[in-house]
Amino acid sequence: MNANDDLIMATGLEAQAPHFSRPIALEGASNFRDLGGYQGKDGRHLQWRKLYRSAHLAHLTQDDLDQLKTLGVSRSADFRGLGESAHLAYNWPQLSRHALIVEPTVVQRAQSMLEKGQDLTAGDTVELMHDTYRSFVNVYGQRFAEFFTLLQSNDEPLVFHCTAGKDRTGWAAALLLTALGVDEEQIMDDYLLTNQLFRRPPASMLGQISEEALDALWRVQPSYLMASVDTVRNQYDSLDSYLTQALGVDRTARERLADLYLSE
């Protein structure tokens with residue numbers, strides 16, 4: 001059994017996906033994976049080869065692009081901030097890119113602390129991550145509303161991503177899976193797969209920082225996702241209410257999403 005089979009079995013998908021692999025190996029992008037197979041509304045499953053999540057796409061090779069073309073991926077939703085998109089730009093003719101700008105406050109704040117000579121502990125980094133996830137709800141809700149508008153426009157295969165494909169992308173995936181009726185356990189399983197699939201950048205990127213702080217920054221933890229979820233529940237009682245009231249994903253929108261992305 002290979003690593004991809006292990007990932008499929010870990011998420012209980014071996015019965016539904018004998019011919020599909022959730023992670024898709026690309027030379028120029030990490031954390032690229034298919035959201036197909038998760039059980040959603042009315043016992044139906046997410047269709048394979050429709051929805052993908054990933055780290056940034058700026059370093060795709062020609063072989064990678066050929067593979068995405070074979071998969072039919074024709075559009076991307078890019079949650080990166082302005083500076084990130086400029087630094088790691090891409091303009092692949094086969095991908096229609098939609099910019100949904102969510103600025104990366106955690107890295108900026110970490111760098112600011114280091115520049116001021118402050119030690120960045122693992123505890124500091126965890127709290128920065130929690131603040132970042134709260135901002136997805138308190139500051140950037142409109143961007144995720146725009147994501148759902150894009151999803152409903154058609155069912156052409158789409159990849160959504162940020163820089164690492166773990167935080168902004170992870171929250172977007174959690175919202176999407178919730179809207180499609182996927183349960184919390186499967187959503188958390190998908191979220192935590194990042195820890196197996198993300199290729200971390202060099203430690204020197206942030207200067208002198210402890211291994212524990214780097215782990216807190218580049219890995220995901222259940223408490224990170226729950227910081228967003230708890231913020232939603234405090235303000236809207238439930239994720240379902242948040243989807244309807246804040247993001248405009250009402251019953252009609254959810255039925256449209258189910259028609260587009262769930263199996264018959």
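Figure 1. The side chain of glutamate 146 meets that of arginine 143 in a salt bridge, 3.3 Å from N to O. A salt bridge is a side-chain nitrogen of Lys or Arg within 4 Å of a carboxyl oxygen of Asp or Glu. Arginine 143 is also partly exposed, at 28% relative accessibility. Helices (H or I, at least four residues) and strands (E, at least two) are DSSP runs, numbered from the N terminus.

The model is predicted: local features need pLDDT of at least 70, side-chain atom pairs count only at pLDDT 80 or more, and totals for chains, interfaces and linings use all residues. Residues are numbered from 1 along each chain as its sequence is written, and side-chain values use heavy atoms, with hydrogens and water left out.

Figure 2. The side chains of aspartate 78 and arginine 97 form a salt bridge, 2.9 Å from N to O. This pair links distant parts of the chain, with aspartate 78 in strand 3 (residues 75-78) and arginine 97 in strand 4 (residues 96-99), 19 residues apart. Aspartate 78 is buried, at a relative accessible area of 0%, whereas arginine 97 is partly exposed, at 34%.

**Figure 3. The salt bridge of aspartate 167 and lysine 166.** The closest N and O atoms of this salt bridge are 2.8 Å apart. Aspartate 167 and lysine 166 are both buried. Elsewhere, salt bridges with shared partners join Arg33, Arg53 and Asp190 into one network. The whole structure holds 15 salt bridges.

**Figure 4. Helix 6 against helix 7.** The axes of helix 6 and helix 7 (residues 168-179) come within 11 Å and cross at roughly 55 degrees. Helix 6 is therefore oblique to helix 7. Axes are lines fitted to C-alpha atoms, for helices over the stretch in contact, and angles run from 0 to 180 degrees between N-to-C directions. Angles under 35 degrees count as roughly parallel, over 145 as roughly antiparallel, 65 to 115 as roughly perpendicular, and the rest as oblique. On helix 6 the contact (heavy atoms within 4.5 Å) is made by Phe144, Phe147, Phe148 and Leu151, and on helix 7 by Arg168, Trp171, Ala172, Leu175, Leu176 and Ala179.

Key:
Buried < 20%, exposed > 50% of the residue type's maximum accessible area, 1.4 Å probe, protein only.
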